[in-house]
Amino acid sequence: MTENPAEIEKASFRSDVTVELVKHSAADSDVLWAARVSTAGEQSLEEITKDPERSKGLINFLMRDRHGSPFEHNSMTFFISAPIFVFREFMRHRVGWSYNEESGRYRRLEPVFYVPGEARKLVQQGRPGKYEFVEGTAAQQELTGRVMEDAYRHAYEAYQEMLAAGVAREVARAVLPVGLFSSMYATCNARSLMHFLGLRTQHEQAAVPSFPQREIEMVGEKMEAHWAGLMPLTHAAFNAGGRVAP
């Protein structure tokens with residue numbers, strides 16, 4: 001099928017990411033009934049209707065002593081829009097995660113590309129394992145934006161040209177860069193999300209320092225904000241425990 005390039009919109013650029021909580025079954029009480037089945041059997045079902053605030057000490061104990069499985073009996077599904085390079089890092093997280101991403105084989109990919117915002121530190125210093133990022137100059141900021149936008153436009157024009165000539169989408173997409181925005185559904189439980197956050201965000205309460213790429217950290221921060229609203233006691237225990245997944 002030949003696609004008409006006149007129907008394809010011009011390239012657009014953004015420096016943010018999108019994270020929407022589209023579906024969930026997650027509450028602090030989920031941790032409690034899962035934990036108490038060990039000693040209470042069927043009576044643990046009573047925890048479903050109880051105020052979890054009365055049992056936050058149990059949640060703190062489970063987190064502190066790393067009894068992790070009670071934190072798995074919940075589910076959150078996020079819709080995420082971010083650059084492809086973020087998803088390639090994201091999908092290193094496999095245990096407790098499920099993914100479905102939009103396909104460049106089956107749809108024309110939209111010309112939306114990532115360009116760092118002014119707050120993004122541009123200059124990397126130090127040696128492997130000791131990297132530090134510092135502010136770029138105004139000239140570096142201008143150069144980065146200009147060069148990236150020019151490269152994106154050129155790549156998308158090439159993609160558009162091949163589609164118009166009847167080249168299959170799965171072939172034409174090869175010219176597109178990893179700064180292209182993609183979208184996916186990502187489903188996890190609290191335990192797998194805590195492991196992700198421990199590695200992909202920096203936080204003053206973290207017992208083990210992490211050095212994530214800023215763009216995946218932006219996704220992590222938005223996911224964490226949603227999760228903290230659903231499971232505030234578990235989130236507080238995670239922070240108090242040094243942000244180490246149980």
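Strand S3 (75-83) is largely enclosed by the rest of the structure, because seven of its nine residues are buried. Buried means under 20% relative accessible area, exposed over 50%, and partly exposed in between (1.4 Å probe, protein chains only). Helices (H or I, at least four residues) and strands (E, at least two) are DSSP runs, numbered from the N terminus.

The model is predicted: local features need pLDDT of at least 70, side-chain atom pairs count only at pLDDT 80 or more, and totals for chains, interfaces and linings use all residues. Residues are numbered from 1 along each chain as its sequence is written, and side-chain values use heavy atoms, without hydrogens and water.

S3 pairs with two strands. Strand S2 (residues 18-25) is antiparallel to S3, with seven bridges. Pairing requires at least two DSSP bridges between the strands. Histidine 24 stands opposite methionine 76 of S3. S8 also runs antiparallel to S3, joined by eight bridges. Here serine 81 has serine 183 in S8 as its bridge partner.

The largest nonpolar core holds 41 residues. Such a core is a set of buried Ala, Val, Leu, Ile, Met, Phe, Trp, Tyr and Cys residues joined through side-chain atoms within 4.5 Å. Met76, Ile80 and Met223 are among the residues with the most contacts inside this core. H7 gives the largest share, six residues. Methionine 223 touches Val19, Phe78, Ile80, Phe90, Trp97, Leu193 and Phe196, leaving out residues up to four places away in sequence. Contact means heavy atoms within 4.5 Å.
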